[in-house]
Amino acid sequence: MAVGLVATVLAASMVTDVYFASNTSNSSLPWIPSLGVNAGVLVDPLSALFASLVAFFSLVVMIYSIDYMADQENLTRYYFFMLLFMSSMIGLVMSDNFLQMFIFWEMVGLCSYSLISFWYRRAESARAGVKVFLMTRVGDVFLLAAIALLYANLGSFSFSYITAHVENVPLPTLTAVAFLMLGGAVAKSAQLPFHAWLYAAMEAPTSVSALLHSATMVKAGVYLIARLILLFGPLTASVPMWSSSVLWIGAITTFVGATSALSTPDIKGVAAYSTVSQIGFMFTALGTAHSASSPGWFAGLLHLVSHALFQGLDFLLIGGIIHATKTRDMRLMGGLRKAMPITFGLGIVVMLARVGMPPFISFFSKEMIFQSVLSSGNLHAALLLYVSTAITFAYTLRATVLVYVREKSDYLEQVHPHEAPRMMLFSAGVLAVLCTVASLFGEPVSQLMRADVEIGLNEVLSPSTLIFLFTVFVGGSTYLVCCRKTSLAERLGQAPRYLNRILENGYFFDAFYEKVVARCILSISSGLKWVEMTVFGPMPHIFVGRIVSLSNVVNERVEKSLLSRLPYLLASCIVRLSNAIHENLEKSFLDRLPYLVANGVTILAHSTRYYLDVSADGLLYMITNKTLASASEIQKMRSGSIARYISAALIGLLIILVLTALTMLR
Amino acid sequence: MQSALLPTLLLPTLAAPFVYLICKRSSKVAALVIVLTCAADIALLSTTAPYILNGASHRYVESYSWIPVLHSSFMLFVDGISFSMATITLVLISTAALFSINYMQERKGLAEYYTLLTLLSVGLVGVFITSNLMLFYFCWELMLVPSYFIIGGWGYKEPYRAAFKFFIFTHAGAVFVLLGIGAIFMVTGDLDIFQARAALMTANPEIVKWILLSLTAGFAVKMAAVPVHMWLPDAHSEAPAPMSALLSGVIISAGAYAILRVSLGTVFPAVMSTSFGGQFLHGLAVLGIVSAFFGSLIALVEPDIKRIIAYSSIAHMGYVLFGLSLFPFQEATTGTVLHLINHAVSKGLLFLSAGAVMRQLEIRDVREMGGLAGQMPTTATTSTIAALSIAGIPPFACFISEFLIFVGAFQTIGNDGFYLIPTALMLIAAVLSLAYALRFVGQVFLGPAKHEKVSDVPPFMRLAMVVLAALVVVLGIWPTFFIQLIMSASSFLAV
């Protein structure tokens, strides 16, 4: 609650601040000087209009939240993100360069994510937040590419620099930039083919939806296109196909949104598709403009203001209804005009304003859109818009009938709906009054926007106005005449069943994104995961495993069978060799060697003795014989010579002695 | 010349034994000592900031004599890039230490754990602040060994299997790096990257080409570029959360830094004007795209909470490779280095938060989680901030760096039409990164609550996470300081 009050004060101060802004002014601080990026504030008519719009609606929604969110938990988080949402959007529109704008642009997406997933315990809310964030992120990436491309060519993000030097950008690059930015705007503003997220965003608390639809988030794309027309000026005309793309995207979205709103049973769904369709009107108008002075530019922005008023009001009422009935399904409602009379009265205002009845401001804005489209010569687009206008009345009428007018349903008998609390009615009332009387302030608004347009009731009687009102009448009466049943299919009978299916599935965009795109990506992911798990994951292990098994083979074959046994083999060889040596050499030879030697010696000794004895004896006899023979010879020869005899005898004696000694020694 | 850088390396080296001893008494004090050491290191480093910002060469150099035979002096230097990388490394190590106080509380062997963490910081900081290739390689391996033991010792289920894979892969990469460094020495006779760069300009381009390929292949393994990424999911998911934060935050970034500094900064200029130079950059771009898509797509379907983040790291290294492939453009290179820093902080935070969830729930499968935002508000907030930063959503850190890379890409398209399709593909990958980030947040924190009685994390873990979350926001809103620092290193990058 306190936070709500703070927000109120903040928002109020913003409003007064912004009213001073009647001239373009620009103040900035250095932020990333080495890249030449400054953080700056740009105040010009466009940003002033948007900033005051955002601040004002935030104020209204904050007041509304005091009662609407009263019994919720986590209000700190709620108000934190609401404030951040608001300030991001104001930052977005007041940035003076693309980088800063993009940062706030993304922060708007971030806040919408956290607010849509506010009831995070509910699986649908969590999923819806993801869907919204992802789909808008696709557009954000386009925008990012555009900004980067522009910087790569001009070397600056600054709006003023870009305006001054945009002529130097070659046309192909400029075309790419313009279309990429268009992609970003289309995704953010829920235009075809990215409109599916807006319905998912309905999971948010209704107060968040009110803010998201009236002033923030979806209007950012419109702002971007309007800003781009200002920046590129006359060059937008030279970019081939760009303006007509904007126009046709808008026109087709208008039709698709309106028809989708015709068949949805969800009360918030009607509002969501209505927003898609109304923003289509704005895009169509901007598609006819090539500068700020074009009527289309002002028409688009005026319609933005009027749409903000009645759509904001619508959501505030829906919030009260959901609060009272605890359901979003219109088939369960009915007869609320008695239970909620004030809400019913305000609901009639919404109905008339949405269709564009005078004197509501939306009458003037729609009227100007038709004029600008017709004057630009796009008859086909104008025709499509007329058809959509007719359908607009039809779906609005249908919703009113279903919710307020018809008999009370069984379901409501049990719930006992009651009128919404005071703060909620108060804030809704403020918007309703503004819705009604805003056309009186057309003059100051057009002056603020430097647009040369007159807004007054005297325009009501122009021929195009009559065509417009006639179309609306045709749409409404066709619906009433055909029947007042719940679904288009019943009205059309059985014949075009496929049409019914197409409408009920929102032209299958949702199905395409969820079933085809998301599923494709997920299955590719699963495929890659499989590759990762079966190929890449185990690959190192397989590789290492191979090495290990190779090692095992080496181990088994070489190491275990050969190398590890090699020492044993060697050893056993040696042992065997030793054994052989032992057996053959040692035992058979060496062991017996001493004996052999001894034997030999003995034998030698014996034989020696034998041979020595015999030869010694022989020698002795021989010597003795020889000696005796020689002695007798000498005696014979020298008889008588005793001396010679004696000496011979002595020699003989000596020899005998020797021989005797020899014999004795033996 | 004062000396600030040598103490930057010596301080944690000397602190390591003290950490060990202190931890025997109290592990909390030990962790705080690491934090203090890192803070002192940052203070030492920041004394060099004036030299970098205002000096003529935008570089601060210290030189000591080391191995005279190799003509290599012990060259330490910082320029804007080194300074930023080293600072963010120290920040991440100190928050990891803080986180460990509670996270590792019940584990055994904390003394060894904290000591290894301290040693890791020496290797990591060393890689960033040396210009001598020998010393660089030394630190490169010093970075590997403690991480191996931390993953193996305090990992999750099959830690040594993952740690082994990590070691084998990065070591095989390191062999290529060593080969390249050896070849540089052979060709130029010099190991200082700045002098080698000049000397290589006159070398035979055929040889330089192979040096470039060998070095880049080695660094790419560390970066986990896709064909050689297999170690990353295992190592990141098995490691304890603080180590995962470091692995994903700075260790793989070191690979990217090395490609920028050594491959592109030192070797590439020699072959830049040849046709091979263009092909090489195109190859890096293709590698980047493959990694980005592969990582993002698998992160979309992976059920394991930490493996989701691990694959997201692969995807982000894809962005970085793509950024590196835009090399000579200043915005792109600035964006790439800035992305390393921003990614380090954001991914570190995301891993810490995932660790917090795993610790409180004791499960890892995100399909079994849900609705934790109410029970663990701090963790939910920090995780969401980290995940959105990873997805490149402003005002969080990674946005601005991704944006700069894209700006560089569009500038390059003007010169080289080849980049048109890669840039478009990278933009698609940017959407995918939001998809897995939102899936992560959605499945873990949103939806119906599936667990009763889960409480938020203890104070030190919370402190570590909040510090990093604040850093993510601050770096997102005010990237000016680092952008200035990195751009001041442009004299090095100018070719």
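Of the contacts in chain B that link residues at least 6 apart in sequence, 81% join residues at least 24 apart; two residues are in contact if their C-beta atoms, placed from the backbone, lie within 7 Å. The model is predicted, with local features needing pLDDT of at least 70 and side-chain atom pairs counting only at pLDDT 80 or more, while totals for chains, interfaces and linings use all residues. Residues are numbered from 1 along each chain as its sequence is written, and chains are lettered from A in the order in which they are written.

Chain B holds 21 helices and 2 strands, where helices (H or I, at least four residues) and strands (E, at least two) are DSSP runs numbered from the N terminus. Its C-alpha atoms fill a box of roughly 70 × 55 × 40 Å along the principal axes. Of the 495 residues in chain B, 65% are buried, meaning that 20 or more other C-beta atoms lie within 10 Å of the residue's own, all placed from the backbone.

Turning to the meeting of the two chains, 37 residues of chain A are in contact with 38 residues of chain B. On the chain A side, two or more residues come from each of β1 (25-32), α4 (98-116), α5 (123-154), α25 (509-536) and α26 (539-563). The largest share, 14 residues, belongs to α5(A).

Elsewhere in chain A, helix α12 (residues 242-263) has 22 residues. Because 17 of the 22 residues of α12(A) are buried, this helix is largely enclosed by the rest of the structure.

Key
Buried ≥ 20, exposed ≤ 12 C-beta atoms within 10 Å, placed from the backbone. Expected span 1.5 Å × (residues − 1).
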